[in-house]
Amino acid sequence: MENQFFIDSEFLSPEALEKKHRLETDPSFRKNCMEYLPGMEQISSDICEKVMEQWKTYDDSNYTAKEVKAALEHKTCSVEDFKALLSPAAEPFLEQMAQRARQETSRHFGNTVYLFTPLYIANYCENYCVYCGFNCYNHIKRMKLTMEQVEQEMKVIADSGMEEILILTGESRAQSDVAYIGEACKLARKYFRMVGLEIYPVNTEEYRYLHECGADYVTVFQETYDVEAYEKLHLLGHKRVWPYRFDAQERALMGGMRGVAFSALLGLSDFRKDALASALHVYYLQRKYPSAEFSLSCPRLRPIVNNNNISPMDVGEKQLCQILCAYRIFLPFVGITVSSRESETFRNGIVKIAATKVSAGVSTGIGDHESKYTGKESDGMQGDEQFEINDDRNLETMYQDIAAEGLQPVLNDYLYV
Amino acid sequence: MQEKDKLIIGGHEFTSRFILGSGKYSLSLIEAAVKDAGAEIITLAVRRANTKDQENILDYIPEGVTLLPNTSGARNAEEAVRIARLARELGCGNFVKVEIMRDSKYLLPDNAETIRATEILAKEGFVVMPYMYPDLNVARDLVNAGAAAVMPLASPIGSNKGLATKEFIQILIDEIDLPIIVDAGIGRPSQACEAMEMGAAAIMANTALATAGNLPLMAAAFRQAIEAGRAAYLAGLGRVLTRGASASDPLTGFLHD
């Protein structure tokens, strides 16, 4: 697993290359990923302990068809039931799980599907996460939009009819600091009803500041709850500090944000255990912060066709569907977001079962909405994309497609108060 | 009887005793609620109305229908007050349904914050209809705070589980002089009918219609059930025995002195 992601850029200096290789091969050269860096706030919380206790003891081979059937019969899905639904023993029950999930989705969300679009405003990054296109050793076009450019991008997106935006940056405090992100949030409030953030984790008071600037929803992906795997995948930078990342959502809620979103990048480690931990992270935080809103996403590493041996932990569509159904049955009230990394067919299918939010009109590049939305040649620089998307439908097409499925596309169901 | 039997909320008269709740909206639902269920009041979530062009629910509302904006999304009294004022600015009128939830899982109302918001909004001239967990003391506080009606939940919102809080709703009906409007959880016409027989002033529902197989038919069924329940209440229910039977000829009829 360790080496499948390593890529050396020909643009690196011999010194940089040497450091990179040493980070990759010599664990003693890497910082302790459980130790906080200076400036990182440490909150007092028992959530992590609760989640990780369950993560450690979960053995999916303990569950059989009997437990799965019982879980599907129970009116309320317990943690044990959820573990059964996530296990391989539940795979033959996928259709029953989907039926149940659909009922729960309909009960809590009716037939609505929410739409949003992400906006990347900077792609500088100080981390070396071996699987990520934005990582600091990758030679890509780096860019940070000026506020004029941010506003121009927002105007183009708002003109398309979109009312909810998710602002993203690479993880660089130096290049895109909290004040810079705050200014972008203030602009976003002018053009959108709902402003979400997917940025590097920050301290409570910084979340409070960003909330005052207009942001109200914070997404942080833990990538994996498996600390041992995490340590081998996040070799450098503040992101390496696993517990600071884990507590990000709680700090965001303490800072006044209305809602928080979670996910593991399924496939980095045992995806069933990561799915369990992601959902329990929501479950325990909800009990502590009952008025907050919660949502789960589901990025995944895909299997390579005809070659299951390379990455046996990769997640296929059926397995992803199983996870999403289990999420829905266990946490009927949470939002489930499915990104444009998934195909049109998968997204059309999953919104009828479990998903409540999809992106449309997506670009993961920097500063290219105008050219992508209007076809107008861009006169400025554009930053490279974080990953390639699979479903490139624009808002109008997505809106029509959802309506054609008998569902109700919703652009906004939110008030900033 | 039916002609004079009006539902009066904050000085406004209504003939229909079915109120469409918010939540699962669609054009066809609103049409069925008005045409087939006879709704004269339609709840509107301000957070959903807070939108641009193509989506606006305000466009769906037929003329002559009273809008009842709700404060869904509010987590405390201050937020509810702000949302109510925004609704008034948006041109939604003076009615407001106070909904305050500090729980994203069950969406149960926060009674204490609801009393506070009711007091503030009533003073500002709103016709306040608070959604609450059925508690007699709270209902009395709401009356004193200036509520125009009291809206206890029947069971968790969206659950279609019917009158889980029946005994407590009955106490409110017996003790509170304002209209008691049963809100949330009514899943079947028979449950609506039962609440009306108990003396509820009106029924609010949404999910029961929205998730029905045939929307207009279910809407009509609710109308009939509510009318039947109301008529039964006005007629005065015959006695109902909980066990045994009662001979129509008394067993002691042979006694002479």
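This is a predicted model: local features need pLDDT of at least 70, side-chain atom pairs count only at pLDDT 80 or more; totals for chains, interfaces and linings use all residues.

Thr252(B) is exposed, because its relative accessible area is 54%, and exposed here means over 50% relative accessible area, whereas buried means under 20% and partly exposed covers what is in between, all with a 1.4 Å probe and the protein chains only. This residue sits in the segment after helix 9 (215-235) of chain B, where helices (H or I, at least four residues) and strands (E, at least two) are DSSP runs numbered from the N terminus. Between the C-alpha atoms of Thr252(B) and Leu178(B), which are 74 residues apart along the chain, the separation is 45 Å.

Residues are numbered from 1 along each chain as its sequence is written, chains are lettered from A and ligands numbered from 1 in the order in which they are written, and side-chain values use heavy atoms, with hydrogens and water left out.

Let me turn to chain B as a whole. Its secondary structure comes to 9 helices and 10 strands, and of its 257 residues, 54% are buried. If we take the contacts in chain B with a separation of 6 or more, contact meaning heavy atoms within 4.5 Å, then 63% of them are between residues 24 or more positions apart. Chain B exposes about 11900 Å², with carbon and sulfur atoms supplying 50% of that; these accessible areas come from the Shrake-Rupley method with a 1.4 Å probe, and for residues only the protein chains shown count as cover.

Why is helix 7 of chain B described as largely enclosed by the rest of the structure? The reason is that 7 of the 10 residues in this helix, which covers residues 189-198, are buried. Among them are Pro189(B), Cys193(B) and Met198(B). The buried residues of helix 7 of chain B pack against helix 6 (166-175), strand 9 (181-183), strand 10 (202-205) and helix 9 of chain B. Just after helix 7 of chain B comes Gly199(B), which takes a positive phi of about 110°.

Now to charged pairs. Side chains of opposite charge can pair when their charged atoms come close. A salt bridge is counted when a side-chain nitrogen of Lys or Arg is within 4 Å of a carboxyl oxygen of Asp or Glu, and over all chains the structure holds 41 of these salt bridges.

One of them joins the side chains of Asp5(B) and Arg230(B), at 2.8 Å from N to O. That pair links distant parts of the chain, since Asp5(B) is in the segment before strand 1 (7-9) of chain B and Arg230(B) is in helix 9 of chain B, 225 residues apart. Asp5(B) counts as buried at 11% relative accessibility, and Arg230(B) is buried too, with a relative accessible area of 12%.

Another salt bridge, at 3.6 Å from N to O, is formed by the side chains of Glu119(B) and Lys123(B). Because these two are 4 residues apart in helix 4 (residues 111-123) of chain B, Glu119(B) and Lys123(B) are separated by about one helical turn. An α-helix has 3.6 residues a turn, so residues three or four places apart point the same way. Glu119(B) counts as partly exposed at 38% relative accessibility, whereas Lys123(B), at 69%, counts as exposed.

In chain A, Glu344(A), Arg347(A), Asp391(A), Arg393(A) and Asp401(A) are linked in a network of salt bridges.

Finally, what does the contact between the chains involve? It takes 23 residues from chain B and 29 residues from chain A. The two chains bury about 2500 Å² between them, 44% of it on carbon and sulfur atoms, where buried area is the accessible area (1.4 Å probe) that two parts lose on being put together, summed over both. Across this interface the rule finds 1 salt bridge, and in it the side chains of Asp413(A) and Arg47(B) meet at 3.0 Å, N to O. Helix 2 (46-49) and helix 3 (77-89) of chain B each supply at least two residues of the side that touches chain A, and the largest share of that side, 4 residues, comes from helix 3 of chain B.
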